[in-house]
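Hi everyone, thanks for coming.

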Amino acid sequence: MNKIIILNGPNLNLLGEREKNQYGDFTLKDVEKNCTDYAAKNNIKLTLFQSNVEGELVNEIQNSRNNHDGLIINAGGYTHTSVAIHDALKILKIPIIELHISNIYNREDFRHKSLISKAAKGVICGFGINGYIMSLKAMNKFLEK
Ligand code: CA2
């Protein structure tokens, strides 16, 4: 069984409440349920974590180095600013997938730069919340022996 963690960063707890044109009208609870259902059918032991606090995300990334086989992260706005999250991800030896709901490259210039990408094995962005299932599928593929 592959042990995979999905981390969601700041403001993603408000999914479905505002900016529906950008992020859709599904809530984080809906997204998490989809992922949990997919995991149950696809040999994945799934951990889900969301925080608006940078240091809490760093702690969870550090803890995952001994507890998980793969990490998927939508770092939200910290994607574009956080050296601390970049550094924590760099410590890990497990595969990392960077995930975004929206296509960050067709949005404002400040979203075009990601500090997460340097640490990620792959990036999935612009596929809406389907990106979460796509990431789990891709991670299972990365983890195939
Ligand atoms: O497209 C993504 O998944 C993002 O990581 C989402 C971040 C944004 O800062 C990144 O540039 C791209 C923001 C998440 C904000 O989520 C909201 C949800 C509902 C209402 C308002 C914001």
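Before we start, one term: two strands count as paired if DSSP finds at least two bridges between them. With that in mind, look at Leu 71, which stands opposite Ile 96 in strand E4. Do keep in mind that this is a predicted model.

Within E5, Ile 124 is the bridge partner of Leu 99.

So how buried is E4 itself? Five of the five residues in this strand, 96-100, are buried, so E4 is largely enclosed by the rest of the structure. In a regular strand, side chains alternate between the two faces of the sheet. Here, Ile 96, Glu 98 and His 100 point one way, Ile 97 and Leu 99 point the other way, and all are buried.

Now let's turn to helix H3, residues 54-67. H3 has 14 residues and spans 20 Å from first C-alpha to last, close to the 20 Å expected. Which of its residues are buried? They are Leu 57, Val 58, Glu 60, Ile 61 and Ser 64. Looking down the axis of H3, you'd see these buried residues fall within an arc of 165°, so they line one face of the helix. And what do they pack against? Strands E1, E2 and E3, plus helix H4.

How values were computed:
Residues numbered from 1 in each chain as written. Predicted model: local features only at pLDDT ≥ 70, side-chain atom pairs only at ≥ 80, totals over all residues. Heavy atoms only, no water. Helix = DSSP H or I, 4+ residues; strand = E, 2+ residues; numbered from the N terminus. Expected span 1.5 Å × (residues − 1). Buried < 20%, exposed > 50% of the residue type's maximum accessible area, 1.4 Å probe, protein only. Arc of directions from axis to C-beta. Contact = heavy atoms within 4.5 Å.
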